[in-house]
Amino acid sequence: MKRLLNTLYVTTPGSYLSREGEAVEVRREDGTRTLVPLIALEGLVAFGSVGASPHVLGHCAEQGISVGFLSDNGRFLMRVEGPVSGNVLLRRAQYRAADDPARAALVTRGVLAGKLANQRTVLRRHRRDHTDPTGALARAEDAIGRALTQLDRPLGVDQLRGVEGDAAACYFGAFAAMIRRDEPEWRIAGRSRRPPLDRVNALLSFLYTLLTHDVRGALEAVGLDPQVGFLHTDRPGRPSLALDLLEEFRAPFADRLALTLINRQELCPDDFETGETGAVSLTPDARKTVLVAYQKRKKEELNHPFLNEKLPFGLMWHAQARLLARHLRGDLDAYPPFLWR
């Protein structure tokens, strides 16, 4: 198992990245500079107008350090990576499984079992710790429970997508009931994206982007192709397998972190801005608050349900990537999803 290393987030506009020995130098427009040892990094993410020298990009690629570039608002732009790693036989097994409807459905069923179970646990925990005066959380929990029972049936991938879509509508329909802030700015009427149209959705989209970057790195580390998924269809430039694996971690990691930041008043309505098109995004200072909380959450330890091993949360997607690889190689009869307790 790999060590939980750090991701360097560069958020200051006009910064420039270069290599200084075995360190990355971040030079700002005011002349200040920061050196970060490359040995301590597993990823580098730059926001907005940040430049980088070919030398540092090439060295990061050689060292297996992923470099991602996002817009000021956190929208994915591009990613720099080195030569494809991993066993070609594993990737061939992945492609064969993705093209086999029965095997694709088996993997999809495992992913959705984890996603729905974790959504239900988030709702259940909130009901345990807080009141549910309208009964919205209980109704959503019951609906997701019924959706889980449907996964026992021999459904194809398209049918499984339908089950997932119905469950997601129930879950996000009740999401507002888990927000314990009275300000009207924190209202959410469901999931909106591309672009997010309210503060809650803007925060969720930002966290999902960060998590997708980390999950993709975990898949590449074990030699899987992040572009070829099972639940998500192939599309040029789309990391379909990363989006598949992401599903298991949306609720227990990203959604709970968003609720924590909102409910503990670590973010306020003024931490967001609305563009001319109506798209809502985090301010630069608010992004830094979220990034610190994100890194902190990655270091929280919990027990992996299948491996029965205590790991930092930030290693859970690495563990799942390895379990998926073992299933595709034929070492496991089924893919065991991550179940948050």
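**Reading backbone and fold features**

Modeller: Let us start from one residue of this predicted model: Gln-265 is exposed, because its relative accessible area of 58% lies above the 50% cut-off for that class.

Colleague: Where does Gln-265 lie in the chain, and what is its phi?

Modeller: The general idea is that most residues other than glycine have a negative phi. Gln-265, which sits in the loop between helix H7 (240-263) and strand S9 (272-274), has instead a positive phi, near 60°.

Colleague: Which loop holds Asn-308, and is Asn-308 buried or exposed?

Modeller: Asn-308 belongs to the loop between strand S11 (301-304) and strand S12 (309-312), and it counts as exposed, with a relative accessibility of 61%. Its phi, near 55°, is again a positive value in a residue other than glycine.

Colleague: How should I read a hairpin, and which residue in the turn between S2 and S3 has a positive phi?

Modeller: One looks at the sense of the strands, at the bridges and then at the turn. Strand S2 (residues 16-20) and strand S3 (residues 23-27) run antiparallel and are joined by five bridges, while two residues separate them in the hairpin, where Gly-21 has a positive phi of about 65°.

Colleague: In which sense does S2 pair with strand S6, and what is the bridge partner of Tyr-16 there?

Modeller: S2 pairs with S6 (residues 51-52) in the parallel sense, over two bridges, and Gly-51 is the partner of Tyr-16 in that strand. Tyr-16 also stands opposite Arg-27 in S3, so to follow S2 one has to keep both the antiparallel S3 and the parallel S6 in view, given that two strands pair if at least two bridges are found between them.

Colleague: Turning to the whole chain, how many helices and strands are there, and why does the radius of gyration agree with a compact globule?

Modeller: The chain has nine helices and twelve strands. A compact globule of 341 residues would have a radius of gyration near 20 Å, and the chain has 20 Å, which is why the two agree; along its principal axes, the C-alpha trace spans about 60 × 55 × 40 Å.

Colleague: What share of the residues counts as buried, and what share of the contacts joins residues at least 24 apart?

Modeller: Buried residues make up 56% of the 341, and, among contacts between residues at least 6 apart in sequence, 61% join residues at least 24 apart. The chain exposes about 15800 Å², of which carbon and sulfur atoms supply 49%.

Methods. Residues numbered from 1 in each chain as written. Predicted model: local features only at pLDDT ≥ 70, side-chain atom pairs only at ≥ 80, totals over all residues. Heavy atoms only, no water. Helix = DSSP H or I, 4+ residues; strand = E, 2+ residues; numbered from the N terminus. Rg over C-alpha atoms; globule rule 2.2 N^0.38 Å. Buried < 20%, exposed > 50% of the residue type's maximum accessible area, 1.4 Å probe, protein only. Contact = heavy atoms within 4.5 Å. Areas by Shrake-Rupley, 256 points an atom, 1.4 Å probe, with all protein chains shown as cover.
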